[in-house]
Amino acid sequence: MPAPEIVEALRVRFGAEPAPLGVSLPAASLLAAMRALRDTYGYRSYVTATALERDGRFEVAHAVRDVEMNDTLFVRVRVQRDGAEIDSLAFVYAGAEWHEREILDLFGIAFRGHPDPRRILLPDEYVGHPLRKDFAIETPWGYRP
Amino acid sequence: MAEDLPVVGQPRPPAGTALEEIAEEVVRFPGGGVALLRADALFHWAQKSSLWPLTFGLACCAIEMMATFAGRFDLDRFGVILRPTPRQADVMIIAGTVTIKMAPRIRTLYDQMAHPKWVISMGSCANSGDHYRNVYSVVPGVDHVIPVDVYVAGCPPTPEALMEGIFALQRQIMEGDRARA
């Protein structure tokens with residue numbers, strides 16, 4: 001859990017709301033907030049990224065870590081399901097690059113400014129994004145030899 | 001002799017190992033001997049006595065396969081020696097879950113092996129996909145990709161089970177009805 005003054009500072013500066021294990025940010029202020037977390041608030045390490053589909057929207061969660069304070073902060077961003085696109089963090093935290101490719105692969109969320117937006121786990125010719133709720137289990141049969 | 005004693009917990013090697021068991025006539029004399037047998041039987045005997053596997057560890061089954069080839073079970077004594085390249089291999093051991101991304105690679109390596117060649121499918125995932133059967137990235141059984149001669153059941157199979165699968169393949173080779181081979 002982040003310190004209350006950090007959550008309050010993020011609320012004042014970037015419009016963040018408290019969320020489980022961290023804050024929820026508007027998509028427009030994600031890049032600026034992550035730069036501030038890295039440079040000002042001590043969250044210098046990137047841990048992981050994950051995504052989920054809930055109530056017809058995607059939610060992307062980035063986890064960053066402050067090693068000195070022994071704290072992991074989850075930053076959540078909600079995006080619309082159709083044509084989902086959010087800013088890439090690959091040039092803020094280099095470790096985010098492959099995690100964002102995984103989300104692109106499995107959820108189909110586009111990352112604006114990503115240096116290498118290709119699939120990372122599934123074959124390049126795969127059609128569809130299997131962790132979306134509307135993905136049918138019959139879909140990949142066409143790929144089976 | 002020592003090899004006549006049963007080893008507790010380990011499968012016995014199949015019959016047909018000794019030349020006397022497959023030859024129609026063996027004449028031994030000091031310093032050598034002469035065996036009379038069909039050429040087919042000799043070739044099959046040679047093939048099953050030096051099965052060189054191309055290992056293809058894809059998941060946790062590979063750990064059991066490594067254990068089988070290590071000193072405790074020691075497949076070298078049956079002429080089974082690992083090869084790192086398909087060009088030198090006779091049998092491909094598919095050990096683990098086959099994904100749709102890996103399937104073309106398996107096919108390529110199988111095509112690079114020289115005839116005669118065999119395939120052992122090791123473990124439930126390679127046999128049928130098992131509980132990953134309907135996962136979006138998994139091939140439901142390696143026999144969708146390449147022909148399989150022996151299926152070894154288990155999740156993962158014990159080293160004894162893999163050894164029994166290799167012996168079953170040796171018995172198949174000795175029976176000799178191998179149209180592909």
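Reader: Leaving aside its neighbours within four places in sequence, which residues is A:Leu37 in contact with?

Author: The model is a predicted one. In it, A:Leu37 is among the residues with the most contacts inside the largest nonpolar core. Once neighbours within four places in sequence are set aside, its contacts are A:Leu10, A:Gly42, A:Tyr43, A:Val64, A:Leu73, A:Val75 and A:Tyr93.

Reader: How many residues does the largest nonpolar core have, and how many are in the second, separate core?

Author: The largest core lists A:Leu37, B:Met92 and B:Ile94 as the residues with the most contacts inside it, and its total is 57 residues. The second core is separate and includes B:Phe73, B:Ala95, B:Met163 and B:Ile173. The values are therefore 57 residues for the largest nonpolar core and, for the second, 22 residues.

Reader: What class of residue lines the largest cavity?

Author: A search of the whole structure finds one cavity of 30 Å³ or more, and the space in the largest cavity is about 40 Å³. Its lining consists of A:Arg54, A:Asp55, A:Arg57, A:Glu59 and A:Arg78. Arg, Asp and Glu count as charged, so the lining has no nonpolar residues, no polar residues and five that are charged.

Reader: Is A:Asp55 buried or exposed?

Author: A:Asp55 belongs to the loop between strand S3 (45-54) and strand S4 (57-66) of chain A. Its phi is near 55°, a positive value in a residue other than glycine. The relative accessible area is 71%, and because the cut-off for this class is over 50%, A:Asp55 is exposed.

Reader: What is the relative accessible area of A:Leu21, whose phi is also positive?

Author: A:Leu21 sits in the loop between strand S1 (17-19) and strand S2 (22-25) of chain A. Its phi is near 65°, a positive value in a residue other than glycine. A:Leu21 is partly exposed, and its relative accessible area is 43%.

Reader: Why do the buried residues of helix H2 of chain B lie on the same side of H2(B)?

Author: In helix H2 (residues 39-49) of chain B, the residues B:Ala41, B:His44 and B:Lys48 are buried. They lie on the same side of H2(B) because the arc they cover around the axis is only 65°. An α-helix has 3.6 residues a turn, so residues three or four places apart point the same way. The arc in question is 65°.

Reader: Which helices do the buried residues of H2(B) pack against?

Author: The buried residues concerned are B:Ala41, B:His44 and B:Lys48. Their packing partners are in chain B, namely helix H1 (19-22) and helix H6 (159-175).

Reader: What pattern does chain B follow when read along the sequence?

Author: Chain B has six helices and six strands. Of its 181 residues, 41% count as buried. Read along the sequence, the pattern is α-β-β-α-β-α-β-α-β-α-β-α.

Note on methods: Residues numbered from 1 in each chain as written. Chains lettered and ligands numbered in written order. Predicted model: local features only at pLDDT ≥ 70, side-chain atom pairs only at ≥ 80, totals over all residues. Heavy atoms only, no water. Core = buried A, V, L, I, M, F, W, Y, C linked by side-chain atoms within 4.5 Å. Buried < 20%, exposed > 50% of the residue type's maximum accessible area, 1.4 Å probe, protein only. Contact = heavy atoms within 4.5 Å. 1 Å grid on protein atoms, 1.4 Å probe; cavity = no way out; pocket = protein on both sides within 12 Å on 5 of 7 lines; lining within 4 Å. Points joined across faces, edges and corners; volume = space filled by probe spheres on them. Helix = DSSP H or I, 4+ residues; strand = E, 2+ residues; numbered from the N terminus. Arc of directions from axis to C-beta.
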